Structures are given as structure tokens and as C-alpha cells.
Amino acid sequence: MEMLRTEFLGKKVSSPLVLPAGVMGMSFSGLHFSAISGAGVVTSKSLTLNSRTGHKGPVIAEFEGGFINAMGLCNPGIEEGLAEINEFKKVCDKPVIVSVFATSTDDFIKLTKYVNTSKGDFLELNLSCPNVFDEFGIPLAASKEKVAEIIASVKKISKLPIIAKLSPNVYNISEIALSAEKAGADALCLINTVGPGMLIDKKMVKPILSNRTGGLSGPCVKPIALRLVHEVYSCVNIPIIGMGGITYGDDAIEIIMAGATLVGVGTAVHYRGIEVFSKINEEMKIFMKEENYANLNEIPKLEKLWTKDSHCQLQK
Amino acid sequence: MDKRFTLPIAKIVKETDSVKTFTFKHKIDAKPGQFIMLTDFEGGEKPFSISNCSADEFSVTIKRIGEFTTRLDDFCEGDLVSIRGAYGSSFFISKKKVLLVSGGYAVPTFYFLSKVLLANGADVTVVNGARSKEDLLFVKRFKKIGVKLFNATIDGSFGEKGTAVDVAGKLLKNENFDFLYSSGPDLMMKALQNICGEIDYEFCFERYMKCAIGICGNCTMDPLGLRLCVEGPVLPKEKVVQLTEFGKYHRKPSGSRVDF
């Protein structure tokens with residue numbers, strides 16, 4: 001695994017592949033199963049102050065290009081969630097991202113205080129869940145002001161480096177990413193699911209998901225992820241965890257070329273099994289050997305196609 | 001791709017006061033132990049083990065428990081439901097002398113398994129347990145296909161008085177079985193595990209499922225992280241013996257642990 005070793009925010013990482021929030025992250029054992037299957041970093045389910053049951057089923061539906069899902073932020077609450085993370089750390093030393101979700105600065109601060117007492121390595125602020133609109137309205141990640149306010153407040157007290165999870169469902173991703181960086185984010189994670197979208201059952205004439213809508217993931221969102229990661233990479237100087245439709249080694253290489261330091265693999269756990277992490281690791285190594293890249297740093301980045309000024313200007 | 005099919009319930013059989021079998025005229029590629037996800041698009045989608053499956057139809061047997069299954073209980077023949085699957089692991093199909101031990105509403109899975117085992121030449125003994133006579137499922141059907149059937153009721157109202165595990169214990173002591181199958185509540189299977197000695201087995205577990213396709217992680221079992229919707233619901237002995245949560249706790253829809 002020598003070729004795939006890297007560093008992320010001061011922590012050694014055995015593979016750039018990340019288990020993202022919402023996939024296999026409900027229990028310490030789910031995180032561990034993913035880690036021993038080849039993920040270099042694992043992320044907890046987004047934790048809230050109190051436990052949440054989530055939406056009623058169906059919570060996921062497949063179509064040709066991927067899935068739509070709306071789990072509804074089900075999680076056991078911050079205290080039990082952190083207990084699972086601490087239990088994971090007893091059996092595995094791979095870095096853990098503790099993902100948290102709230103709708104106010106105060107609640108993010110409360111969550112951060114809990115996370116400070118845990119064995120987690122990084123704190124991810126989920127600002128971008130697209131599936132709780134009925135309950136909470138437009139995601140915080142749609143507003144550069146709210147993003148800045150929350151990150152700045154959390155930054156003051158967090159003992160862990162902060163990763164902001166951004167939404168793809170905006171027209172001004174560079175502005176939002178810059179706002180997060182300026183407020184003190186140590187890294188960015190993008191993209192969350194796209195849309196949201198809807199699928200219909202034509203016999204019963206009903207939306208398939210009980211939430212009516214759900215965020216898109218899977219191969220269909222990869223081009224969106226590549227574009228957004230590159231746009232953000234062009235404008236900020238902090239590392240990016242890139243994700244969205246990454247299924248094969250080639251996809252992982254492409255999103256690294258777009259600007260990602262680490263690469264999330266979520267929906268592909270369904271397509272290729274939990275072994276997807278080791279499969280992608282091997283596929284990346286094959287490509288790197290063919291191209292004579294000795295390590296991840298030697299994989300070239302796409303020449304920046306946007307600049308801070310030109311793009312933010314354009315977005316105004 | 002994961003195929004969803006929406007179709008009418010072709011036939012409904014009332015098994016007990018709270019259990020019904022729905023049959024669908026549809027070819028499904030399913031093996032014993034596997035399950036489907038069923039929804040009415042009114043909020044709720046649950047896994048149901050396949051209780052019978054032939055070339056052109058399949059059945060699931062549904063116990064009225066919560067809000068969703070109470071709604072299903074009012075469904076009539078011809079009403080539409082939407083189904084996806086079949087999902088999950090399936091039972092090993094032995095050719096030898098086997099013992100199937102099940103209790104309560106987990107029993108119907110073993111009707112499908114018994115038929116496939118018999119067709120494969122196995123010598124099949126079934127222990128069918130329930131609280132009382134009114135709760136026993138599939139007694140006539142098991143007799144009809146020619147398994148050796150032992151019914152057990154806790155109140156002694158039908159068959160032998162005692163639990164399915166009590167009856168299984170006697171059988172295991174007096175006869176030599178090559179393989180053991182069990183499906184039912186954790187505590188029943190745990191009790192069976194404690195008395196079954198060295199025999200090789202497979203157990204079929206139940207945990208709260210959401211996505212059913214191995215992504216969400218709600219149905220993982222500690223400490224291995226095995227997803228009951230992909231690596232399960234049927235797990236082999238070598239995995240079962242490693243499960244620390246077996247017989248101790250399960251996870252709610254929120255992921256919180258609850259003791260049995």
C-alpha cells in the first residue's frame with residue numbers, strides 16, 4: 001500500500017479512500033468492516049444532539065444512473081454515536097471523521113463540545129443534507145454567510161480539525177468554499193447528494209420514496225462532482241475530500257486530478273460490495289504503475305480552469 | 001439493476017388471528033432464507049422472508065405487529081403493493097439428515113426451505129414452535145410435503161408441551177443429524193446454540209433493515225459489521241459464534257442499541 005499512503009491534516013492515511021457519512025457508519029462494527037475492507041478513513045453517520053428515527057421507508061430507490069435516497073438523518077444521537085466511535089478506535093487505528101448535523105450555531109457548538117471529548121480525529125460539519133427540507137428548510141450550505149458563521153464559531157472551540165461538507169445544489173460553490181476557508185475550515189468535503197430528485201411508481205401513481213424526494217448518488221453524479229471539486233480546488237488552498245459517483249479506480253484518479261486529496265466511496269459499496277475499497281485501491285495502483293507515478297502526490301492535477309477572481313466575479 | 005415490481009396480491013390466506021400469507025403471481029429469482037422488501041407507498045417498507053416460491057408465484061407470510069403491518073392486514077386480494085428483491089444470503093442445501101428448528105412467525109421461511117431440501121434428497125425433520133395451538137403456523141402444509149414434523153406449544157395446547165428448543169434438545173440427543181437450521185427470535189436461537197453441541201448449523205437472523213442493499217448499515221451485527229441484508233440474514237456457524245450482540249441486543253431505526 002506504499003503507493004497510496006498519504007497525509008491528511010497531519011494524520012497518516014493508508015489509502016486515500018474515505019467511507020463517507022451515511023454509509024455503513026451506524027455502528028463501530030460497520031466502520032470497522034469498511035476499514036478492514038480497505039478504506040483509509042471512515043466517517044460516522046451524521047450525529048445530532050438527540051437520536052432520530054429518520055424517514056419511513058422506502059428510503060432508497062434505484063434507477064439507471066444510480067440511486068435517490070432520503071434516510072432522514074437517522075442516528076442514535078451524539079452520545080451513543082461517539083461511544084460507537086470510541087469502540088471503533090479500540091479495535092482500529094485508522095482516522096475517523098465524526099460527522100455532525102445541526103440547524104443552528106448553538107447546536108453545532110454543543111455537538112462540538114461532545115466531539116472534543118471523543119477519540120475522533122476530524123470533525124465534519126454536515127451543512128448540506130438535502131433530505132430534511134420539510135423539517136429544516138434550505139440547507140445551511142446554500143448560504144455563504146451561514147456557512148461562515150457556523151464554521152467561525154465552531155473553530156473557536158473545536159479541538160479537532162474542521163471539515164465542512166458542502167452541497168452541490170448551488171450556483172456559487174466557489175464563493176461558499178472561500179467563505180468556509182476564510183472562516184477557518186481546515187478542509188472541505190464535497191459533494192453531498194444531488195438534486196434532490198424524485199422517482200414515480202407508475203402503477204400506483206405515487207412517489208417511490210416516503211419523503212417524496214431524495215438526493216442522487218452513484219455514477220450519474222460523477223461529472224457534477226468532478227466539476228465542483230475542480231472549481232473549488234481552483235479557488236481554495238485547503239485540502240478537499242472529493243466524492244460523488246466514485247465506483248472504479250479510474251473515477252478515483254479523475255477526482256484526484258480534479259483536485260481532491262482524499263476520495264469518498266459510498267454508493268459503490270452496493271455496486272461492488274464492501275470489497276470495493278480494496279478493489280479501487282488495486283485499480284489505482286495499476287494505473288499509477290502504468291503511468292510511473294510513485295505516489296499520490298505525483299498524480300498531476302488538472303490545470304486550474306477557474307481563478308478565484310474570475311469565477312467569483314462571474315458568479316456575482 | 002435492482003428491479004422494483006408493483007403488482008396485485010393474487011391470494012390472501014388467513015393463517016391465525018394476526019398472520020396472513022400473501023401470494024403474488026410473479027416469477028422471482030429467490031432461494032430459501034432470502035427476503036423481499038414490500039411497501040404500499042403510504043409510509044413504511046419492511047423485509048419479509050419468502051415462505052413459498054415456485055416457477056410463477058411466490059408468497060410472504062406477514063404478522064401484524066406495528067402500524068405498517070396493521071395496514072397490510074386490511075389489504076384485500078387485488079390490492080396493489082410494490083416489491084423489490086429477493087435480497088440476502090440463503091441457506092445451504094444439504095442432501096443429508098437435517099433438523100430445522102423454528103418458532104413463531106419465523107416458521108414460514110422453513111416451509112420454502114423444507115421443499116427445496118426434500119427436492120434435493122435430504123431427510124428433513126422440522127420442529128415448529130409457538131405459544132399455543134392458535135399461533136402454530138403451516139402445520140398442514142408441512143405434513144403435506146412429507147417432513148417429519150414435531151409441533152411444540154408452550155402451553156401444551158397442541159403437540160408437545162414446551163419450547164421448540166426443548167423438543168429440539170430431545171431430538172438432538174436421540175438421533176444423529178448432519179446439519180441444523182434455525183430461524184426465529186435471538187433468544188430462541190441462543191438457547192438452541194447452547195444445547196446443540198458440535199453440529200454444524202446456519203441461523204437466520206432478524207434486525208431492523210432500511211435500505212436492504214448494503215449501504216445504510218442499520219442492520220450490521222457486532223463486532224463483525226456483517227450486514228444482515230447482504231452477508232445475512234442467513235449466517236454460517238463460523239460467523240455466528242463470533243457475534244457478540246447475538247442474544248444480547250439489537251439496534252433500533254435510530255441505531256440505538258436495545259437489550260433483548
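**Notebook: chain B, its domains, and chain A**

I started with one pair: the side chains of B:R141 and B:E15 meet in a salt bridge, 2.5 Å from N to O. By salt bridge I mean a side-chain nitrogen of Lys or Arg within 4 Å of a carboxyl oxygen of Asp or Glu.

Before going on, I note that this is a predicted model, in which local features need pLDDT of at least 70, side-chain atom pairs count only at pLDDT 80 or more, and totals for chains, interfaces and linings use all residues. Residues are numbered from 1 along each chain as its sequence is written, chains are lettered from A and ligands numbered from 1 in the order in which they are written, and side-chain values use heavy atoms, with hydrogens and water left out.

**Entry 1: domains of chain B**

I looked up the domains of chain B and found domain 1 (4–87), domain 2 (91–197) and domain 3 (205–260). These bounds come from an automatic or database domain assignment.

**Entry 2**

How much area is buried between domain 1 and domain 2 of chain B? I found about 1,300 Å², with 66% of it from carbon and sulfur atoms. Buried area is the accessible area (1.4 Å probe) that two parts lose on being put together, summed over both.

Across this interface of domain 1 and domain 2 of chain B, the rule finds one salt bridge. I also noted four residue pairs in polar contact between these domains of chain B, both residues at pLDDT 80 or more. A polar contact is a pair of N or O atoms within 3.5 Å; within protein, one must be able to donate a hydrogen and the other to accept it, and residues adjacent in sequence count only if both atoms are side-chain atoms.

Strands (E, at least two residues) and helices (H or I, at least four) are DSSP runs, numbered from the N terminus.

**Entry 2: chain B as a whole**

I counted six helices and 18 strands in chain B. The radius of gyration of chain B is 17 Å, close to the 18 Å that the globule rule gives for 260 residues, so chain B is as compact as a globular protein of that length. This radius is taken over C-alpha atoms, and the globule rule is 2.2 Å times the number of residues to the power 0.38. Along its principal axes, the C-alpha trace of chain B spans about 50 × 40 × 35 Å.

**Entry 3: chain B against chain A**

I then turned to the contact between the chains, which takes 39 residues from chain B and 41 residues from chain A. Together they bury about 3,100 Å², 60% of it on carbon and sulfur atoms.

How many salt bridges are there between chain B and chain A? The count is five. In one salt bridge, the side chains of A:K56 and B:E67 meet at 2.9 Å, N to O.

The elements giving two or more residues to the side of chain B that touches chain A are β1 (4–8), β7 (80–87), β14 (220–221) and β15 (226–227) of chain B. The largest share of that side, four residues, comes from β7(B).

How values were computed: Contact means heavy atoms within 4.5 Å.
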